[in-house]
Amino acid sequence: MTDCLFCNIVAGNIPCDTVYEDSEVLAFRDINPKADTHILVIPKQHIVNLADVSEQQWPLVGRVLQSINKVAQQESLEGFRVITNNGEKGGQEVFHMHWHVLAGKNLPGF
Ligand code: 5GP
Ligand code: ZN
């Protein structure tokens, strides 16, 4: 989607600090980190959020979660928190599904 911020990051039109990438998933550092480590993990394919996942896309969601585990190992995270905001009323501001991976001493409360 041309008007989607994260699709533009996937396309390379907007730079990002890449942490992990494969054919289906991209992980990059959040521009406004809310913890010592704050990484966003997204499917390269445009999916709005969990409510928008079609039957055939659920395996891709699993691969995003698997990638979160790879990122945690790569970054040597001893513990981490995963959050995905769904919909405006769920605190979602960028409408391309993304999983926040938060770690470090000062994890925000929720
Ligand atoms: P949401 O509130 O939708 O769950 O989270 C969106 C996240 O995207 C926020 O944590 C925000 O800091 C991050 N973000 C917004 N614009 C950019 C950007 O251009 N680059 C990166 N790396 N992160 C962004
Ligand atoms: Zn998108």
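These questions and answers concern a predicted model of one protein.

Colleague: In what order do the elements of the protein run from the N terminus on?
Modeller: The protein has 2 helices and 5 strands. Read from the N terminus, their order is α-β-β-β-α-β-β.

Colleague: What radius of gyration does the protein have, and why does it agree with a compact globule?
Modeller: The C-alpha atoms fill a box of roughly 35 × 30 × 25 Å along the principal axes. For 110 residues, a compact globule would have a radius of gyration near 13 Å, so the value for the protein agrees: 13 Å.

Colleague: Which element gives the most to the largest nonpolar core?
Modeller: That core has 19 residues, and those touching the most other members are Ala27, Ile39, Val41, Val71, Met97, Trp99 and Val101. At least two residues each come from β1 (18-21), β2 (25-29), β3 (37-43), α2 (58-74) and β5 (99-103). The element that gives the most, with 6 residues, is α2.

Colleague: Which residues is Val101 in contact with, leaving aside its neighbours within four places in sequence?
Modeller: Val101 is one of the residues that touch the most other members of the largest nonpolar core. With those neighbours left aside, its contacts are Thr37, His38, Ile39, Val41, Ile68, Leu77, Phe80 and Arg81.

Colleague: How many residues are in the second, separate core?
Modeller: Of the 110 residues of the protein, 40% count as buried, that is, under 20% relative accessible area. The second core includes Cys4, Ile9, Leu40 and Val94, and its residues number 9.

Colleague: How far apart are the mean positions of the positive and negative charges?
Modeller: The protein has 8 positive and 13 negative charges. The distance between their mean positions is 4 Å.

Methods
Residues are numbered from 1 along each chain as its sequence is written. Chains are lettered from A and ligands numbered from 1 in the order in which they are written. This is a predicted model: local features need pLDDT of at least 70, side-chain atom pairs count only at pLDDT 80 or more; totals for chains, interfaces and linings use all residues. Side-chain values use heavy atoms; hydrogens and water are left out. Helices (H or I, at least four residues) and strands (E, at least two) are DSSP runs, numbered from the N terminus. The radius of gyration is taken over C-alpha atoms; the globule rule is 2.2 Å times the number of residues to the power 0.38. Buried means under 20% relative accessible area, exposed over 50%, partly exposed in between (1.4 Å probe, protein chains only). Lys and Arg count as positive and Asp and Glu as negative; His and the chain ends are not counted. The place of a charge is taken as NZ of Lys, CZ of Arg, CG of Asp or CD of Glu. A nonpolar core is a set of buried Ala, Val, Leu, Ile, Met, Phe, Trp, Tyr and Cys residues joined through side-chain atoms within 4.5 Å. Contact means heavy atoms within 4.5 Å.
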